[in-house]
Structure formats: C-alpha cells, structure tokens
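Have the model open while you read.

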Amino acid sequence: MINLLLINGPNLNLLGQREPSIYGVQTLEAIEAELHKKAEKQGIKLETFQSNSEGALVDRLQKAISKVDAIMINAGAYTHTSVALRDALLSSEIPYVELHLSNTFARESFRHKSLLADRAVGVISGFGPMSYQLAFDGIIAFLMHQERK
Ligand code: DQA
C-alpha cells in the first residue's frame, strides 16, 4: 500500500477566509476531505499535517522517515525562506512534490524563489485548490513509474 503525507505550512489553516481573491474560498478541511476520498478510492493511505511552526513541520518530516513513500508539501511562506525545511526534506530521502494554490511566479519577486523546488520531483503552482489534486495525481504517477523501472 502506498503511504502519502500531505504537509501544509503557515497560514494555510486560514484557507477559506484568507485573501480569497488569491487563495479561493475552499477551506483546508474541505481540500483534505476531497483528497482523502480520492486516496480511499485508489487504496492509498493518506496522512495530513498542518502547522504554523517551522519546528513542528521539521519534526513531522523527521517522523515520516522510512514510513512514507512520498510527500506533497505546500510550505506556504517557508517555501521562500526555510533552509530547515529543505534540510529536513532532503534528509528524509522521501520524494516530494511542491505545491501552491497561487502562481507564485505571477506575484511579488520574493515568492519567485523556492528553497525546495530544485530537489522536488515536480512543482504545481497556480491552480487553486485543484493544485492539491494535481500534486496527488503527479506523485502517484511518479511512484507507479518508479515501481515499473
Ligand atoms: C502559497 C504561496 C506562498 O507564497 C504564500 O506565502 C502562502 C501560500 C500558495 O499556496 O499559493 O502562504 O504557498
């Protein structure tokens, strides 16, 4: 059975009320519920975790070592700043997909830089809540392809 972990970073707990013109009106709870349904249909185990704290995110990533096949991560603002999250992801040796609701390249220049992207399997950015579905499909396709190799 494939084990997937979805990580959400700071302020993503406010989805639905936070800058809806940028992030849409769907709550994180609703996004996660949709993904759980999708995972269940495909016989995939999905765990989710959200924190506003960098240390808690690092702790969760460390807990995933040797237990999770792939990670989907929307690190929020930490995407652009956190060497600690990058190090935790790389130390885990777990393949990951970076995702964003907004198209970070169409926004302020400080959002154009990601400390995670160059080592990600892929990056999904700009599809609103659908970015989560696309990230899920992408990472599953990646894992299936790996298995066939
Ligand atoms: C975000 C983009 C980040 O730049 C921002 O800090 C967020 C959300 C997104 O999903 O579009 O918190 O990761």
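1. Which residue forms a salt bridge with R86? The partner is D118, and the closest N and O atoms of the pair are 2.7 Å apart. A salt bridge here is a side-chain nitrogen of Lys or Arg within 4 Å of a carboxyl oxygen of Asp or Glu. The pair links distant parts of the chain, 32 residues apart: R86 belongs to helix 4 (residues 83-92), while D118 sits in the loop between strand 4 (96-100) and strand 5 (122-125). Helices (H or I, at least four residues) and strands (E, at least two) are DSSP runs, numbered from the N terminus.

2. A word on the basis of these notes: this is a predicted model, in which local features need pLDDT of at least 70 and side-chain atom pairs count only at pLDDT 80 or more, while totals for chains, interfaces and linings use all residues. Residues are numbered from 1 along each chain as its sequence is written, and side-chain values use heavy atoms, with hydrogens and water left out.

3. Back to the salt bridges: the whole structure has six. K45 and E47 form one of them, at 3.8 Å from N to O, and these two residues join R60 in a network of salt bridges. K45 is partly exposed at 39% relative accessible area, and E47 is partly exposed at 31%. Buried means under 20% relative accessible area, exposed over 50%, and partly exposed in between (1.4 Å probe, protein chains only). D118, at 54%, counts as exposed.

4. R111 is buried because its relative accessible area is 17%, whereas E108 is partly exposed at 35%.

5. R111 is also among the residues around the ligand, along with R18, Y23, N74, G76, A77, H80, H100, L101, S102 and T104; a residue counts if one of its heavy atoms lies within 4 Å. This shell divides into three nonpolar, six polar and two charged residues. The classes are Ala, Val, Leu, Ile, Met, Phe, Trp, Tyr, Cys and Pro as nonpolar, Asp, Glu, Lys and Arg as charged, and the others, Gly among them, as polar.

6. Which side chains have polar atoms by the ligand's oxygens? Those of S102 at 2.6 Å, H100 at 2.8 Å and R18 at 3.0 Å are listed here. The protein covers 99% of the 320 Å² of accessible area that the ligand has on its own (Shrake-Rupley method, 1.4 Å probe).

Note on methods
Polar contact = N/O pair within 3.5 Å; in protein donor to acceptor, adjacent residues only side chain to side chain.
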